[in-house]
Amino acid sequence: MQHRPYETFVTEIRQYEEIDHCHSHPHHQIILPLSGALELQINGLYGRACAMQGAVVPGNFQHTFRGVGDNRFVVVDLPAQLSTDYWSDDLCRFLETPNFFGLDPGLYHYTRLAGIESCRNVRNPNLSIVLAELLAELLAHRYSAAKSIRLTRRLAPALEYIASHLDQRISVGRLAALSYLSIGRFHATFREYTGRTPSQYVTELRMQRALVLLQETGWAVARVSAALGYSSQSAFTHTFKRYFGASPSRYHRQTTS
């Protein structure tokens with residue numbers, strides 16, 4: 001079992017004055033609204049924590065803030081040194097950049113519960129840790145899932161195009177246009193979603209398709225190469241060998257012997 005980091009966790013209800021303050025702090029901070037609003041500028045990003053919208057202030061990020069009206073917030077302070085051995089990847093990503101995010105009703109009710117319990121048990125540091133951890137992980141999981149859905153919808157036409165055009169030259173410009181993104185933004189979004197560049201992803205699909213064709217159809221290597229859009233058999237063979245560690249003719253011989 002992994003141990004929690006030693007830095008202090010805090011879960012508490014706070015109010016903010018209606019005057020501008022500016023500072024930074026080493027810990028990450030999640031700000032969740034109960035009433036009123038908090039205007040924030042975090043490293044040049046402007047926004048509000050208010051009415052079903054929270055904010056993330058990463059550790060050591062300069063930020064200016066100002067309370068609006070009769071405001072109350074559940075504030076979660078988390079250690080800046082988050083170990084991926086203990087924390088989820090979703091949470092580490094969630095806290096690494098400034099962000100304003102929506103709260104669904106379930107998370108809003110849990111926020112209220114966390115605030116109430118932290119007030120009732122102000123002298124119980126273990127409860128503060130548990131409330132902070134669970135609230136942070138729930139937020140990160142919801143945010144990651146919603147982001148994944150948005151990326152899936154945005155990239156679906158490009159992914160479908162790739163799968164149905166492996167026998168042709170695939171232009172990144174065409175894929176970007178299908179996704180309504182600039183080429184630069186498409187590259188970044190595609191890599192975030194798949195963990196690969198478009199070129200790496202296309203090569204991987206082609207190699208997987210090549211292996212199936214060689215093993216299940218008995219097609220000659222030249223025919224498989226042509227079916228996957230390679231201009232020469234030698235280029236196909238070189239890529240296949242680099243990918244699988246053996247030549248395509250070896251797999252072909254295995255299936256036809």
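## Charges

Lys and Arg count as positive and Asp and Glu as negative, while His and the chain ends are not counted. The place of a charge is taken as NZ of Lys, CZ of Arg, CG of Asp or CD of Glu. On that basis the chain carries 26 positive and 21 negative charges, and their mean positions lie 12 Å apart.

## Basis of the model

The structure is a predicted model, in which local features need pLDDT of at least 70 and side-chain atom pairs count only at pLDDT 80 or more, whereas totals for chains, interfaces and linings use all residues. Residues are numbered from 1 along each chain as its sequence is written, and side-chain values use heavy atoms, with hydrogens and water left out.

## Overall form

The chain contains nine helices and seven strands; these are DSSP runs numbered from the N terminus, with helices being H or I of at least four residues and strands being E of at least two. The radius of gyration is 25 Å, well over the 18 Å that the globule rule gives for 257 residues, so the chain is more spread out than a compact globule. That radius is taken over C-alpha atoms, and the globule rule is 2.2 Å times the number of residues to the power 0.38. Along the principal axes, the C-alpha atoms fill a box of roughly 75 × 40 × 30 Å.

The accessible surface of the chain is about 14,200 Å², and carbon and sulfur atoms contribute 50% of that area. Areas come from the Shrake-Rupley method with a 1.4 Å probe, and for residues only the protein chains shown count as cover. Of the 257 residues, 40% count as buried, where buried means under 20% relative accessible area, exposed means over 50%, and partly exposed lies in between (1.4 Å probe, protein chains only). For contacts (heavy atoms within 4.5 Å), residues 24 or more positions apart account for 73% of those with a separation of 6 or more.

## Salt bridges

Side chains of opposite charge can pair when their charged atoms come close. The whole structure holds five salt bridges, each defined as a side-chain nitrogen of Lys or Arg within 4 Å of a carboxyl oxygen of Asp or Glu. One of them joins arginine 14 to aspartate 77, with 2.7 Å between the closest N and O atoms. This pair links distant parts of the chain, since arginine 14 sits in strand β1 (residues 10–14) and aspartate 77 in strand β6 (residues 63–78), 63 residues apart. Arginine 14 is buried at 19% relative accessibility, and aspartate 77 is buried at 7%.

Strand β6 also holds arginine 66, whose partner aspartate 20 is in the loop between β1 and β2 (21–23), so the pair ties together parts that are 46 residues apart in sequence. The N to O distance in the salt bridge of arginine 66 and aspartate 20 is 3.9 Å. Arginine 66 is partly exposed, with a relative accessible area of 30%, whereas aspartate 20 is exposed at 54%. A further salt bridge pairs glutamate 39 with arginine 48 at 3.1 Å, N to O. Glutamate 39 is partly exposed at 32%, and arginine 48 is partly exposed at 35%. Salt bridges that share partners join Glu12, Arg14 and Asp77 into one network.

Leucine 38 lies in strand β3 (residues 28–42) and is buried, with a relative accessible area of 0%. Apart from neighbours within four places in sequence, leucine 38 is in contact with Tyr16, Ile31, Gly47, Arg48, Ala49, Phe65, Arg66, Gly67 and Phe73. Proline 58 is 20 residues from leucine 38 along the chain, and their C-alpha atoms are separated by 16 Å.

Threonine 11, in strand β1, is buried with a relative accessible area of 5%. Not counting residues up to four places away in sequence, threonine 11 touches Val74, Val75, Val76, Ala114, Ser118, Ser128, Leu131 and Ala132.

## Positive phi in loops

Asparagine 43 is in the loop between β3 and β4 (45–50). Its phi is near 55°, a positive value in a residue other than glycine, and asparagine 43 is exposed at 55% relative accessibility.

Asparagine 60 is in the loop between β5 (53–57) and β6. Phi of asparagine 60 is near 70°, again a positive value in a residue other than glycine. At 57% relative accessibility, asparagine 60 counts as exposed.
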